[in-house]
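I set down here what I looked up in this structure, entry by entry. The order follows my own reading.

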Amino acid sequence: LREECGVSAWSLLQLPGDAVLVPAGAPHQVQSLSGTISVEQQFLSPESALRLRDLSSDPARTPRQLRAQLDGMIFAAVRDALEVLQGCK
């Protein structure tokens, strides 16, 4: 792939307690060397939320999971803002 498309590969050894963040949209492959528990989180970044907001003007065209993530981000932002305001007594 390097010669054809300019794509480089990375290889790493993840030890217990390590976390690996794979950027959204980045293709990746995992090879487990022993018994493994994998925890994944689909993360919606604030930058992606702006694009989602533009898509959500027509709710029928926006996937339900993405709308739920956007709702969750808005809820968390409002909750955090309220906590800050309540601390300013």
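This is a predicted model: local features need pLDDT of at least 70, side-chain atom pairs count only at pLDDT 80 or more; totals for chains, interfaces and linings use all residues.

Entry, nonpolar patch. Ile74, Val78, Leu82 and Leu85 make a nonpolar surface patch of about 380 Å². I then checked where one of its members sits: Ile74 belongs to helix H3, which covers residues 64-86. Ile74 has a relative accessibility of 48% and is therefore partly exposed.

Entry, salt bridge. How many salt bridges does the structure hold? I found one. Arg79 is paired with Asp80, and their closest N and O atoms are 3.6 Å apart. The cut-off for such a pair is 4 Å. I also looked up how open the two partners are. Arg79 has a relative accessible area of 39% and is partly exposed. Asp80 is partly exposed too, at 38%.

Entry, fold. I read the elements along the sequence and noted the pattern α-α-α. The protein has three helices and zero strands. Helix H1 spans 2-5 and helix H2 spans 46-55, with a loop between them that contains Trp10. Helix H3 takes in residues 64-86.

Is Trp10 buried or exposed? I noted a relative accessibility of 82% for Trp10, so this residue counts as exposed. The threshold for exposed is over 50%. Gln29 lies in the loop between H1 and H2. At 75% relative accessibility, Gln29 is exposed as well.

I took C-alpha separations for each. Trp10 and His28 are 18 residues apart along the chain, and their C-alpha atoms are separated by 9.5 Å. For Gln29 I looked at Ser11, which is 18 residues away in sequence. Their C-alpha to C-alpha distance is 9.8 Å.

Entry, burial and surface. What share of the 89 residues is buried? I noted 8%. Buried here stands for under 20% relative accessible area. The accessible surface of the protein comes to about 8600 Å². Carbon and sulfur atoms account for 57% of that surface.

Key
Residues are numbered from 1 along each chain as its sequence is written. Side-chain values use heavy atoms; hydrogens and water are left out. Helices (H or I, at least four residues) and strands (E, at least two) are DSSP runs, numbered from the N terminus. Buried means under 20% relative accessible area, exposed over 50%, partly exposed in between (1.4 Å probe, protein chains only). Accessible areas come from the Shrake-Rupley method with a 1.4 Å probe; for residues, only the protein chains shown count as cover. A salt bridge is a side-chain nitrogen of Lys or Arg within 4 Å of a carboxyl oxygen of Asp or Glu. Patches are made of residues with over 30% relative accessible area and no salt bridge: like charges are joined within 9 Å, nonpolar side chains (Val, Leu, Ile, Met, Phe, Trp, Tyr) within 5 Å.
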